[in-house]
Amino acid sequence: MPSFVAFLHHVAAFALVAALVLEFVLVRDELTLASARRLRATDAVFGLSAGLVLVVGLLRVFYFDKGVDYYLHSVPFHAKVSLFLLIAILSIYPTIVFFTWKRPLAQGQIPHVAPAKLRSIRALLHFELVAVVLLILCAALMARGVGYSG
C-alpha cells in the first residue's frame with residue numbers, strides 16, 4: 001500500500017506541474033476563445049492536482065513512509081511545505097481571473113483582459129514554476145535525509 005500511495009502522490013505532482021506549464025504556455029500568446037477555455041480547464045486540473053498532492057502527502061506523513069517524527073525533523077520537508085503553500089497563494093489571483101471568464105465564454109466571447117493583468121498572471125505563473133523547481137529540489141534532499149535533525 002505505501003508504494004501505491006507514493007505512486008498516487010507522484011502522479012498528482014506530475015499532473016500539477018504539467019498543468020502549470022500548460023497554463024504558462026497558454027497565457028504567453030494572444031488570448032483566443034479556445035485558449036481561454038483551455039486555461040480555465042487547465043486551471044481546474046491544476047487545482048484538483050494540488051488538492052490530491054496535499055491529501056495524499058498528508059496520508060504519507062501520518063500513515064505511511066517514514067513517520068511523522070521524521071518529517072517534523074526534516075528541514076527540506078518544512079521548506080517543501082512552505083513552497084507548496086507559496087504556490088497555492090500565488091495561484092489564487094490567476095484562478096480568480098480565469099473564473100471570471102465563465103460568462104463571456106458561455107456566450108462564445110473572448111474575455112477582455114487588460115494587458116497589465118495578463119502580464120501579472122504571466123509573472124505569477126513564472127514564480128510558481130520557479131517555486132515548483134525548488135520544491136522538487138527539497139523533495140530530493142528530504143528523500144536522502146539531508147537536513148534531518150532527529
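Colleague: What percentage of the 150 residues in the protein chain do buried residues make up?

Modeller: In this predicted model, buried residues make up 37% of the 150 residues in the protein chain. The accessible surface comes to about 8,900 Å², and 72% of that area belongs to carbon and sulfur atoms.

Colleague: Why is Thr42 called buried?

Modeller: The relative accessible area of Thr42 is 8%. The term buried applies under 20%, so Thr42, at 8%, is classed as buried. This residue lies in helix H2, which covers residues 33-63.

Colleague: Which residues does Thr42 touch, not counting those up to four places away in sequence?

Modeller: With those sequence neighbours left out, Thr42 touches Ala19, Leu22, Glu23 and Leu26. A contact here requires heavy atoms within 4.5 Å.

Colleague: What is the pattern of the protein chain, read along the sequence?

Modeller: The pattern is α-α-α-α-α-α, and the chain has six helices and zero strands. Along its principal axes, the C-alpha trace spans about 55 × 30 × 20 Å. Among contacts with a separation of 6 or more, 81% are accounted for by residues 24 or more positions apart.

Colleague: What makes the pair of Tyr70 and Tyr71 edge-to-face?

Modeller: The structure holds five aromatic pairs. In the case of Tyr70 and Tyr71, the ring centres are 5.5 Å apart and the planes stand at 85°. Centres within 6.5 Å qualify as a pair, and planes over 60 degrees apart count as edge-to-face.

Colleague: Are Tyr70 and Tyr71 buried or exposed, and which residues form one aromatic cluster?

Modeller: Both Tyr70 and Tyr71 are buried. Together with Phe77 and Tyr148, Tyr70 and Tyr71 form one aromatic cluster.

Colleague: How many residues line the largest pocket, and which lie nearest its centre?

Modeller: The lining consists of 29 residues, with His9, Val53, Lys80, Leu135 and Ala139 nearest the centre. About 820 Å³ of space lies in this largest pocket.

Colleague: Which helix gives the most to the lining of the largest pocket?

Modeller: H2 gives the most, with seven residues. At least two lining residues are supplied by each of helix H1 (2-28), H2, helix H3 (68-72), helix H4 (75-99) and helix H6 (115-143).

Colleague: How is the lining of the largest pocket divided by class?

Modeller: The lining has 22 nonpolar, three polar and four charged residues.

Terms used:
Residues numbered from 1 in each chain as written. Predicted model: local features only at pLDDT ≥ 70, side-chain atom pairs only at ≥ 80, totals over all residues. Heavy atoms only, no water. Helix = DSSP H or I, 4+ residues; strand = E, 2+ residues; numbered from the N terminus. Buried < 20%, exposed > 50% of the residue type's maximum accessible area, 1.4 Å probe, protein only. 1 Å grid on protein atoms, 1.4 Å probe; cavity = no way out; pocket = protein on both sides within 12 Å on 5 of 7 lines; lining within 4 Å. Points joined across faces, edges and corners; volume = space filled by probe spheres on them. Nonpolar A, V, L, I, M, F, W, Y, C, P; charged D, E, K, R; others polar. Areas by Shrake-Rupley, 256 points an atom, 1.4 Å probe, with all protein chains shown as cover. Phe/Tyr/Trp six-rings, centres within 6.5 Å; stacked < 30°, edge-to-face > 60°.
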